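Hi,

Here is the structure I promised to pass along. Have a look at it first, and then read on for what turned up in it.

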Amino acid sequence: MTDRELDAAGITTPALRAAYAHCRRLNAQHGKTYFLATRLLPIERRPAVHALYGFARWADDLVDSLDPTVTTDQRTADLKRLQSDMERALKNAESTEPVVLALADTSRRYRIDQQHFSDFMNAMRDDLHVTDYPTYEDLRAYMHGSAAVIGLQMLPVLGTVVPRQEAEPYAAALGVAFQLTNFLRDVGEDLDRGRVYLPADLLKEHRVDRELLYWSRSTGRRDTHITKALMAFADLTRDVYREAAPGLAMIDPVSRPCIRTAYVLYGGILDAVADDGYAVVHRRAVVPRRRRAAVALDGIARVMAARAASRSGRRHDAPRTSTLHRWPTTSSPQAPSKQGREEVA
């Protein structure tokens, strides 16, 4: 499938083909949800998504490695080198680092605003030094660079049926919704890295602080105040999914099944967390793979309908964001409910 994707995208030089293939492997290995959703894109657009994800994954791994032998100074130096390499490649399209080479080529092909990449790297530097956020507003400011810009980078690849500027706020919100979902799912793992992404004011409202979270993580014991704080954070995250939902109808119909599938799959993590009793301080929520398969099959059906409509010149109906229910298979996605059946990573 890799060669077919690269051929369809018009990527012919051996170095670029190898760079994109490397990014695709990173996506397949580390981003199960993104990789599955990407398979629903038109074949010629998939390499660009792999490039964007591969670069983000590479930078994130430099920051988040749990290797105790790697110091903060070394991580800072590695991140600085990556940014310098990225900035040069965006100018001259040359790099010896595969993820950077593919990123620069994708940026050129789709005319992606280079400020989005700079904002992303700034957020990665914050992760080296900032370990908590006093308010939700502070967290949202951080997530502009760590999450919102990912949605903005993706938008030129996906295409829109409205002026791109009109769709941008919704794309940014969807990136934020996905990252808030990750923060909830990964509370325990982030504690192991010394980070708390749950806003301090939200925790305080429920009589929770960092020390209580560490106590719960280290002892394996539950606390009702923590559970209530996690439930409040999940509700806040669902609000952001609702904020992003109108943008689904603005995406190019042939790309829409990809984003709809990611929306449903990622939103399902919130349901899985709820089904597991909000035990994320101690473990990730796990749900049957059959749920992901069901959503993927629905996505495939929508892809076929969109392509048939495109070939015949008929209008492909936009998702109806007003008719929503849990784990939709034939109707439009909703802001995720408080129940669900799947873990996706």
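This is a predicted model: local features need pLDDT of at least 70, side-chain atom pairs count only at pLDDT 80 or more; totals for chains, interfaces and linings use all residues.

The side chain of Arg-217 makes a salt bridge with Asp-192, with 2.6 Å between the closest N and O atoms. This pair links distant parts of the chain, since Arg-217 belongs to helix α12 (residues 210-219) and Asp-192 to helix α10 (residues 187-192), 25 residues apart. Asp-192 is partly exposed as well, at 47% relative accessibility.

Now for the overall picture. The protein chain has 345 residues, and 55% of them count as buried. Its secondary structure consists of 15 helices and zero strands. Among contacts with a separation of 6 or more, 74% are between residues 24 or more positions apart.

Side chains of opposite charge can pair when their charged atoms come close. How many salt bridges does a search of the whole structure find? The count is 21, and a few are worth a look in your viewer.

One of them joins Glu-5 and Arg-46, at 3.4 Å from N to O. Glu-5 sits in helix α1 (residues 2-9) and Arg-46 in helix α4 (residues 46-64), so this bridge ties together parts that are 41 residues apart in sequence. Are these two partners buried or exposed? Glu-5 counts as buried because its relative accessibility is 1%, and Arg-46 counts as buried at 6%.

Arg-109 and Asp-105 meet at 2.5 Å, N to O. Both belong to helix α6 (residues 98-110) and are four residues apart, about one turn of the helix. Here Asp-105 is buried, with 6% relative accessibility, whereas Arg-109 is partly exposed at 32%.

There is also a network of salt bridges, which links Arg-185, Asp-186, Glu-189 and Arg-284.

On the surface you will find a patch of negative charge made up of Glu-137, Asp-138, Asp-201 and Glu-205. Helices α8 (136-158) and α11 (200-205) are the elements that each give two or more residues to this patch. Glu-205 is part of helix α11, and it counts as exposed because its relative accessibility is 62%.

Finally, some backbone geometry to check. Most residues other than glycine have a negative phi, and most peptide bonds are trans. Ala-93 is partly exposed, with a relative accessibility of 45%. Arg-207 likewise has a positive phi of about 60° without being a glycine. Arg-207 is placed in the loop between α11 and α12, and it counts as exposed because its relative accessibility is 64%.

Happy browsing, and do write back with any questions.

Best wishes

Definitions and conventions: Residues are numbered from 1 along each chain as its sequence is written. Side-chain values use heavy atoms; hydrogens and water are left out. Buried means under 20% relative accessible area, exposed over 50%, partly exposed in between (1.4 Å probe, protein chains only). Contact means heavy atoms within 4.5 Å. Patches are made of residues with over 30% relative accessible area and no salt bridge: like charges are joined within 9 Å, nonpolar side chains (Val, Leu, Ile, Met, Phe, Trp, Tyr) within 5 Å. Accessible areas come from the Shrake-Rupley method with a 1.4 Å probe; for residues, only the protein chains shown count as cover. A salt bridge is a side-chain nitrogen of Lys or Arg within 4 Å of a carboxyl oxygen of Asp or Glu. Lys and Arg count as positive and Asp and Glu as negative; His and the chain ends are not counted. The place of a charge is taken as NZ of Lys, CZ of Arg, CG of Asp or CD of Glu.
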